[in-house]
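Biologist: I am new to this one. Could you walk me through it, feature by feature?

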Amino acid sequence: MKQIKFDTTLRDSQGTQVAPIDPENFDLEAYGEYEASMLEKNRDFWEGQQGLLVYRRVRADGVFYDKCRDYRESLALQLGALKKSMDYKADIANFLEPWYGIGYIASCFGSSYQWLPQQAPSVKAKFSSSREILDADFVPISQTPEGRRNLEMIEYFMDKTKGKVPVSFSDIQSPLNMLTYLLPVTDLFMEVFENPDGLKSAAALCADLLIGFLQEQKKLIGDALASPGHGFASSRAFAGVGLSDDTSIMISGEDYRELFQGSDERIGNILGGMAYHSCGVWEKKIPMVKGFGNILSADGAFTIETDPSPNDPGVFGEAFAHSGIILNARAVGDEENSFRAFEQLWRPGQRLICVTYCKTPEEQERLYRRLHELEEKTGL
């Protein structure tokens, strides 16, 4: 029997090869009708207390790497992904994402993106303490070269799609994650003990800058906004903003609640609630995540092909049942391996989105049918 493991040779384990489509050759009306056919089911799920939806994410390879540098190429690839996604049986439509790196906060303080061949843009942390961050001059994200470029990208996406295709925010990093682009993570950890008040204030500053940037994006996207955004199954029928918070698993829950939770909740309060994401195993942070005052959903990887450290679906299934919190569960793998993970997650009282990556439409349809049969067997 072949051993299943995380494939380190892949640039993106969740990526799919697609043929780019120029906006002029993309059938906006057909995709608009396709998306509209799912919105009622999406609304019913969002407003309900339990249920299961299936989402076949089609991530165009390269869009979250160097291909973001040319937003025309990024849109063509993403439109190719939208067209390809229509071949796979699902309950939620794919969306466009104006992704332009994740280190944009650094540009507020004068740093610029560094572009290495075939990689996503990176930044170097320029500060050594939260005090230095608080004492430094800064400008809003929208006034920086990277911020302006991201807004131009959104304008281009909206101009070419006329609001007929769902579009999300750019990849939103939590205030804690944002601090790691300003402050080396080892220095940040020392600040937790040496200057927690300064660190808390620096996180609040990051939240202020992020909120302003998101409000600019929201104005441009308008009614086409798909929520919660990057990494989550997203829909115009859903709400809130997804926060990538990978660094949170390296800090105690007590310290996180004291220093960073307030900033996260403030972002969510302004943008209709929050969704939590972390890569890797974060089951020890489940009580912390459930304790957020405005938490709507949470994301995790549940197969070894998705993440080299996947979460235990049984633990998460038990913890989130009857919580009201939606689980956005990603499972790269074939029909059988994916189904086993979702089967352990599903139970009465669960609100579950099964994010699949089946290679063929035929395999996807079989898995789709089995998942909804699983839902029906519980009497929901």
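Biologist: Where does the charged end of R57 sit?

Modeller: This is a predicted model, so read every value as computed from it. The charged end of R57 sits over the ring of F95, 4.9 Å from the ring's centre. R56 lies over a ring face as well, that of Y88, at 4.3 Å from the ring centre.

Biologist: R56 belongs to strand 2. How do I read the two faces of a strand?

Modeller: In a regular strand, side chains alternate between the two faces of the sheet. Now take strand 2, residues 51-56. G51, L53 and Y55 are on one side. L52, V54 and R56 are on the other. Both sides are covered, and six of the six residues are buried.

Biologist: Which strand pairs with strand 2, and in which sense?

Modeller: Strand 8, residues 351-356, in the parallel sense. Six bridges join them. G51 has R351 as its bridge partner in strand 8.

Biologist: What about strand 4: are its faces covered or open?

Modeller: Both are covered. In strand 4, residues 241-244, V241 and L243 are buried on one side, G242 and S244 on the other. Strand 4 pairs with strand 5, residues 274-277, in the parallel sense over four bridges. There, V241 has M274 as its bridge partner.

Biologist: On to aromatic rings. How is a ring pair described?

Modeller: By two values: the distance of the centres and the angle of the planes.

Biologist: How many aromatic pairs does the structure hold?

Modeller: It holds 19. One of them joins F64 and W99, 5.5 Å centre to centre with 85 degrees between the planes. That makes the pair edge-to-face. Both residues are buried.

Biologist: Why does the pair of F64 and W99 tie together separate parts of the sequence?

Modeller: Look at where each residue lies. F64 is in the loop between strand 3 (59-60) and helix 2 (71-85), while W99 is in the loop between helix 2 and helix 3 (130-135), so the pair links parts 35 residues apart in sequence. Next, take Y71 and Y156. Their rings are tilted, with centres 5.2 Å apart and 40 degrees between the planes. Y71 lies in helix 2 and Y156 in helix 4, so this pair ties together parts 85 residues apart in sequence. Y71 and Y156 are both buried.

Biologist: Which residues do ring pairs link into a cluster?

Modeller: Y276, W282, F302, F316 and F320.

Biologist: You mentioned helix 4. How do I read the sides of a helix?

Modeller: An α-helix has 3.6 residues a turn, so residues three or four places apart point the same way. Helix 4 has 17 residues and spans 24 Å from its first C-alpha to its last, close to the 24 Å expected. Its buried residues include G147, N150, I154, F157 and M158.

Biologist: What covers the buried residues of helix 4?

Modeller: Helix 1 (28-47), helix 2 and helix 7 (196-221) are among the parts that do. Just after helix 4, K162 takes a positive phi of about 60 degrees.

Biologist: Last, the cysteines. How many disulfides does a search find?

Modeller: Zero, across the whole structure. C108 has its closest cysteine sulfur in C206, 8.3 Å away, which is too far for a bond. C108 is buried, with 4% relative accessible area. C279 is in no disulfide either; the nearest cysteine sulfur, in C68, is 18 Å away. C279 is partly exposed, at 38% relative accessibility.

Note on methods: Residues are numbered from 1 along each chain as its sequence is written. This is a predicted model: local features need pLDDT of at least 70, side-chain atom pairs count only at pLDDT 80 or more; totals for chains, interfaces and linings use all residues. Side-chain values use heavy atoms; hydrogens and water are left out. Buried means under 20% relative accessible area, exposed over 50%, partly exposed in between (1.4 Å probe, protein chains only). Helices (H or I, at least four residues) and strands (E, at least two) are DSSP runs, numbered from the N terminus. Two strands pair if DSSP finds at least two bridges between them. Rings of Phe, Tyr and Trp (its six-membered ring) pair if their centres lie within 6.5 Å; planes under 30 degrees apart count as stacked, over 60 as edge-to-face and the rest as tilted. A charge sits over a ring if NZ of Lys or CZ of Arg is within 6 Å of the ring centre and within 35 degrees of the ring normal. The expected span of a helix is 1.5 Å times one less than its number of residues. Contact means heavy atoms within 4.5 Å. A disulfide is a pair of cysteine sulfur atoms within 2.5 Å.
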